[in-house]
Number of protein chains: 2
Amino acid sequence: MDAARLDGFLADRDTWRATHCSIGKAMDVIGTRSAVLILREAYYGTTRFDDFAKRVGITEAVAASRLRELTAEGLFERQPYKEPGQRTRYEYVLTAKGRDLLPAVLALMQWGDKYLQGECGPPIGLRDDATGEPVRVEVRSPGREVPLAELRLTPNFAEGDARP
Amino acid sequence: MDAARLDGFLADRDTWRATHCSIGKAMDVIGTRSAVLILREAYYGTTRFDDFAKRVGITEAVAASRLRELTAEGLFERQPYKEPGQRTRYEYVLTAKGRDLLPAVLALMQWGDKYLQGECGPPIGLRDDATGEPVRVEVRSPGREVPLAELRLTPNFAEGDARP
DNA sequence: GACCTGGCTATGGTTATGGCAAGTCAGGTG
DNA sequence: CACCTGACTTGCCATAACCATAGCCAGGTC
């Protein structure tokens, strides 16, 4: 069997449900295609409303509601800026919370590169700008990469504990 | 500015769109909440239809269509099994393609643990079963973790190149 | 041969996500 | 002061994702 190892009461899968699971909560925030692609564009350097809509390929209506949601969730901040001879406008700037989703987004990219591009291979390569070495997303402990079968999950709370 | 560095023609954001982007393609496959949570349960060791529906907390109808899609995409394989005194049934077993999404799913978990759990902290801890060390998802080159601002993106094809 | 059980399918309804097209609004330019 | 432009909003409509309830089916048990 190829699965993680479950510690403590987690081992008996009939007695608990992952109700407060961070994965589910994360999916509530960035579970839509447009949200993830807006993040991608932000990582590529986009900050303005129209650019998000155009580059992601979504309508302005969708861009508006998604940016509103992501800003409300604290992934973006609206910051005023002023180009010379223009009036003050607002741009959407990544916060630390938004930036910290980079591993999740790049992990999707890495997986898509491997399994969904067919003959063509990855359209874009990732490198460490400091060293020139290729960059990968890895599940690891300090010394090494950890495969699924050697991952141990431990509960941080008592069985039946009330949680928000 | 906090963003990746774009090489070659990628640098001029007005001349290209990420149309063949692996992130978008990946979102087409696992862009739904139920798909990701089914993967989570698979990583926890679930293989049977009813268990997926119950443990994820979705209806059997949703579990059926999602498992059908994920199997068609090659993330799961339907394998016959037989318990003594029972007839032959089928279970859903992760393929390498499904297993390789672990970094993406754990990256979501890690992010949710950090930003969406409030006072409670992470409900579940991850450790390397071999060493006991904590496990993290990282964007890294061989020697070190790479922050967004030091990530360089290089195109693997010519500008305007036809791609499927 | 009636019954049970795991593994689904069917029906009906709601909400979310998205597209297209058109309109609004504030403020700077000519 | 008419016009432009970036940043939205509004209206309408299609599809997808989900829920709840109910029903079906194959093959084993009693």
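1. Two residues are taken to be in contact if their C-beta atoms, placed from the backbone, lie within 7 Å. On that basis, 84 residues of chain A and 84 residues of chain B form the contact between the chains. Bear in mind throughout that this is a predicted model.

2. Start with the chain B side. The elements of chain B that each give two or more residues to it are β1 (5-6), α1 (22-30), α2, α5 (96-99), α6 (102-115), β4 (124-128), β5 (136-141) and β7 (151-155). Helix α6(B) makes the largest contribution, with 13 residues. By class, the side of chain B that touches chain A holds 44 nonpolar, 17 polar and 23 charged residues.

3. Helix α6 (residues 102-115) of chain A packs on α6(B) at an angle of about 175°. Their axes are 8 Å apart. The two helices, α6(A) and α6(B), are therefore roughly antiparallel to each other. From α6(A), the contact uses Pro103(A), Ala104(A), Ala107(A), Leu108(A) and Trp111(A). From α6(B), Pro103(B), Ala104(B), Ala107(B), Leu108(B) and Trp111(B) take part. The class count for this contact is 10 nonpolar, no polar and no charged residues.

4. Strand β5 (residues 136-141) of chain A runs antiparallel to β5(B), with 5 bridges between them. Within this pair, Val139(A) faces Val137(B).

5. Which strands make up the open sheet of mixed pairing? There are 3, in the order β4(A)-β7(B)-β1(B). Its edge strands are β4 (124-128) of chain A and β1 of chain B, each pairing on one side only. Strands β1(B) and β7(B) are parallel and share 2 bridges. There, Leu6(B) is opposite Leu153(B).

6. Check the pairings of β7(A) too. Strand β1 (residues 5-6) of chain A runs parallel to β7 (residues 151-155) of chain A, joined by 2 bridges. Leu6(A) has Leu153(A) as its bridge partner. Strand β7(A) is also joined to β4(B), antiparallel, by 5 bridges. In that pairing, Leu151(A) stands opposite Asp128(B).

7. Turn to DNA strand C. It is surrounded by 21 residues, the closest being Arg33(A), Ser34(A), Gly85(A), Arg87(A) and Ala64(B). Chain A supplies at least two residues from each of α2 (33-43) and α4 (60-72). The surface near DNA strand C divides into 7 nonpolar, 7 polar and 7 charged residues.

8. Last, DNA strand D. There are 20 residues around DNA strand D, and Ala61(A), Ala64(A), Arg33(B), Ser34(B) and Arg87(B) come nearest. Here α3 (49-56), α4 and β3 (89-94) of chain A each supply at least two residues, as do α2 (33-43) and α4 of chain B. The classes near DNA strand D are 7 nonpolar, 6 polar and 7 charged.

Terms used: Residues numbered from 1 in each chain as written. Chains lettered and ligands numbered in written order. Predicted model: local features only at pLDDT ≥ 70, side-chain atom pairs only at ≥ 80, totals over all residues. Near = placed C-beta within 6 Å. Helix = DSSP H or I, 4+ residues; strand = E, 2+ residues; numbered from the N terminus. Nonpolar A, V, L, I, M, F, W, Y, C, P; charged D, E, K, R; others polar. Pairing = 2+ DSSP bridges. Axes fitted to C-alpha atoms, helices over the stretch in contact; angles between N-to-C directions. Parallel < 35°, antiparallel > 145°, perpendicular 65-115°, else oblique.
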